Amino acid sequence: MAVFTGEVEVLDPIGMHARPAGQIVKLVKETGYDVVFIRDGEEPTKANSALRLMAMKVKTGEKFVVSVEVDDEATAMGVIAQIQEFLKG
Amino acid sequence: MGAELKGLGVGLTAAVGSVHVVAPAQPLPAWGKSTIGAAAEMERLKVAIAAVTQTLDELGTRSDATTAEIFEAMKMWLDDEGLLEIAQEHLDEGSDAAGAIGEAFNAFAVMFEGDAAFEERIADLQDLSRRVQASLAGISVGLDLPQTGQLVLVGEDFSPADTAQFTPAVVGVITRAGGPTSHTAIICRARGIAAVVSVADAGSLVDGASVLVDPVGDRVVVGGSLAEATKPLEFAVTDAESIIPVRANIGTAADAATAAATTANGVGLFRTELLYLSASSQPSIEQQTASYAEVLAAAPAGPIVVRTIDAGSDKPVPFLNMPHEENPSLGVRGFRLIVEHRQFIADQLTSLEAARKQTGREVWVMAPMIATVAEAAEFAELARSIGNFKVGIMIETPAISLQVDRLAGVVDFVSIGTNDLSQYLFAADRMNPALGALLNPWQPGLIRMLQKIGTDGNAAGISVGVCGESASDPAFAVVLAGLGMNSVSASPSQVNVVRNALASVTADKARAVAQAALSGVDAASAKAAALAELAR
């Protein structure tokens with residue numbers, strides 16, 4: 001296993017609210033990978049809890065790093081792309 | 001005939017059903033230390049969470065799509081790993097299950113604080129916390145009503161959360177408290193549910209007893225049959241013109257379409273708050289124009305009276321950052337927002353002018369919560385500088401009620417909001433269910449004030465309308481016409497019956513009915529005298 005990272009940007013006009021947070025956690029649980037959101041100057045947040053993701057209060061236009069622990073880079077990039085899709089609003 | 005309980009009737013439909021007493025929500029037990037160990041507490045917690053999940057599933061299946069989506073999100077949070085981790089920590093420290101889950105929900109509620117986008121989610125979390133703790137304690141928080149049957153709900157008063165759970169089985173409602181403008185009354189009138197509120201002896205009704213809910217008779221009869229229901233005054237359906245126009249109260253394009261299917265002559269009150277209360281940022285002028293044009297286009301033929309934003313700290317608009325107030329109904333609300341938010345009100349008028357041009361409709365605009373002639377003049381000047389409107393104000397404060405003569409040449413019309421005028425005239429909080437009887441429109445204090453406003457408005461050459469709940473009662477609408485009102489505006493569901501009433505009397509008859517109402521020394525005798533004169 002290796003850790004791959006990529007940056008995502010929140011485009012949803014209300015920020016990372018209940019719906020995208022729920023979609024992300026559902027994806028993380030279905031895939032079973034360890035996914036962590038890393039924002040500068042903060043403790044990383046495991047993406048297995050919608051409530052924790054909402055509590056990050058990420059606003060529209062903010063960017064943060066997503067790290068995925070998985071065997072191959074293509075799978076990791078696929079997961080990150082999906083997360084970006086959920087954050088488009 | 002069985003016992004007869006007096007109250008205030010809501011609407012004209014009677015119903016017979018069996019009593020279903022709704023107990024006041026039981027308090028949740030205090031949190032404590034576990035006596036059975038963390039593992040056993042976690043088992044109890046999981047059982048409670050499963051039970052709440054099932055309840056949310058059931059609620060979701062009988063909700064509209066938006067509400068169902070909220071229930072789906074709430075189900076997901078119940079199973080949230082972050083939440084359960086915090087609960088586990090508290091269990092490990094010796095808490096009982098209720099304390100552990102309560103602390104876990106509180107932890108997230110605190111994290112969500114201070115962000116407008118999450119305010120409603122905090123309420124959802126607290127609701128979940130309450131539901132899980134209630135399930136652990138074996139007490140009920142929901143109404144849990146059956147879908148079928150003929151139920152008459154009996155309770156202290158019903159909140160929006162309660163009425164949202166009413167099923168088609170609810171044919172009648174009886175409350176011990178609450179007045180004619182309470183949430184319960186408004187919902188029951190809109191849905192055609194027979195209701196009698198302010199029934200002091202409601203506590204004597206027992207589960208399963210058959211009762212007649214007789215709103216026209218302002219009473220509940222134990223063991224009564226529909227045949228005993230007081231007949232509403234029969235106003236024959238007629239094509240004749242009503243003595244004054246009957247308009248409709250609306251808040252959305254869907255309401256406008258509903259109103260257009262009635263005999264309404266235009267719209268007497270278009271509440272514009274709905275466009276803003278759920279928006280996290282101010283809609284652009286283009287967005288506002290499109291929303292208004294949709295409503296104007298769908299509205300019934302005739303003038304459309306638009307009320308500018310009527311928000312306050314109890315009905316906050318997220319993007320206006322309204323601070324908390326101790327007494328929101330006496331605070332910065334309605335037109336008073338102009339001090340801090342002049343541009344917002346100007347934008348609203350600009351959007352209305354654009355929508356008016358687009359649709360070619362006749363638009364009147366009015367400002368709520370006006371207390372002085374200077375405020376009325378300020379609004380009139382602003383509105384006339386922006387659009388081609390007839391300009392007016394709402395009459396809700398006693399202060400402006402006494403100065404209608406001075407509005408000559410200042411505004412074109414006034415519209416009386418009887419719900420708020422009663423609240424301010426009687427110093428009786430509309431939200432306090434114990435004060436419902438003071439808010440009865442048949443109270444002599446209100447009728448005398450309405451007489452003064454009507455008389456002064458006519459002398460000043462100002463058109464006077466009424467758009468409060470009181471105008472939805474056909475008999476009271478006749479009184480209003482007799483007091484000199486130039487139009488009334490009612491809920492769409494009541495427009496036809498009010499119009500029939502006002503088409504079946506002459507102006508002279510209406511004046512006689514109003515004089516009869518003025519002779520009453522209390523609400524009951526005012527109403528009885530007016531009804532007797534009407535029946536003559």
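Biologist: In this predicted model, what makes strand S13 and strand S14 of chain B a pair?

Modeller: Two strands count as paired if at least two bridges are found between them, and strand S13 (residues 390-395) of chain B and strand S14 (residues 413-416) of chain B share 4 bridges in the parallel sense, so they pair by that rule. Within this arrangement, B:Gly392 stands opposite B:Phe413 in S14(B).

Biologist: Which strands make up the closed barrel of chain B, and how are they paired?

Modeller: The barrel has 8 strands, running S9-S10-S11-S12-S13-S14-S15-S16 in chain B, and the pairing is parallel. Neighbouring strands in this sheet are turned against each other by 25° on average, with direction ignored.

Biologist: Why are S1 and S2 of chain B said to stand at the edges of the other sheet?

Modeller: That sheet is open, with 8 strands in the order S1-S8-S7-S3-S4-S5-S6-S2 (chain B) and mixed pairing. Strand S1 (4-6) and strand S2 (8-10) of chain B each have a single partner strand, so one side of each is left without a neighbour in the sheet. On average, neighbouring strands here are turned by 30° against each other, direction ignored.

Biologist: How do you know that S4 and S5 of chain B pair?

Modeller: The cut-off is at least two bridges, and 5 bridges join strand S4 (residues 151-155) of chain B to strand S5 (residues 170-175) of chain B, the two running parallel. As one example of how they face each other, B:Val152 stands opposite B:Gly172 in S5(B).

Biologist: Which helix packs on that sheet, and what does it touch?

Modeller: Helix H7 (residues 183-191) of chain B packs there, touching S2, S5 and strand S6 (194-197) of chain B, and the direction of H7 makes about 160° with that of S6(B).

Biologist: Why is H16(B) called oblique to H17(B)?

Modeller: Helix H16 (residues 474-482) of chain B and helix H17 (residues 492-503) of chain B pack at about 50°, with their axes 9 Å apart. Angles under 35 degrees would count as roughly parallel, and 65 to 115 as roughly perpendicular, so the angle makes H16(B) oblique to H17(B). The crossing of H16(B) past H17(B) is right-handed.

Biologist: What makes the contact of H16(B) with H17(B) nonpolar in its residue classes?

Modeller: H16(B) contributes B:Pro474, B:Ala475, B:Ala477, B:Val478 and B:Ala481, while H17(B) contributes B:Val497, B:Val498, B:Ala501 and B:Leu502. Ala, Val, Leu and Pro are among the residues that count as nonpolar, so the division is 9 nonpolar, no polar and no charged.

Biologist: Why is H16(B) called roughly perpendicular to H18(B)?

Modeller: H16(B) and helix H18 (residues 507-519) of chain B pack at an angle of about 100°, with their axes 7 Å apart. Because the range for roughly perpendicular is 65 to 115 degrees, H16(B) is roughly perpendicular to H18(B). The residues in this contact are B:Val478, B:Val479, B:Ala481 and B:Gly482 of H16(B), with B:Ala510, B:Arg511, B:Val513, B:Ala514 and B:Ala517 of H18(B). By class they give 7 nonpolar, 1 polar and 1 charged.

Biologist: How many residues of chain B are in contact with chain A, and which elements take part?

Modeller: In chain B, 15 residues are in contact with 13 residues of chain A. Helix H2 (65-78), helix H3 (81-92) and helix H4 (97-112) of chain B are the elements giving two or more residues to this side, which has 9 nonpolar, 2 polar and 4 charged residues.

Note on methods:
Residues numbered from 1 in each chain as written. Chains lettered and ligands numbered in written order. Predicted model: local features only at pLDDT ≥ 70, side-chain atom pairs only at ≥ 80, totals over all residues. Axes fitted to C-alpha atoms, helices over the stretch in contact; angles between N-to-C directions. Parallel < 35°, antiparallel > 145°, perpendicular 65-115°, else oblique. Left-handed = near helix turned anticlockwise from the far one by under 90°. Contact = placed C-beta atoms within 7 Å.
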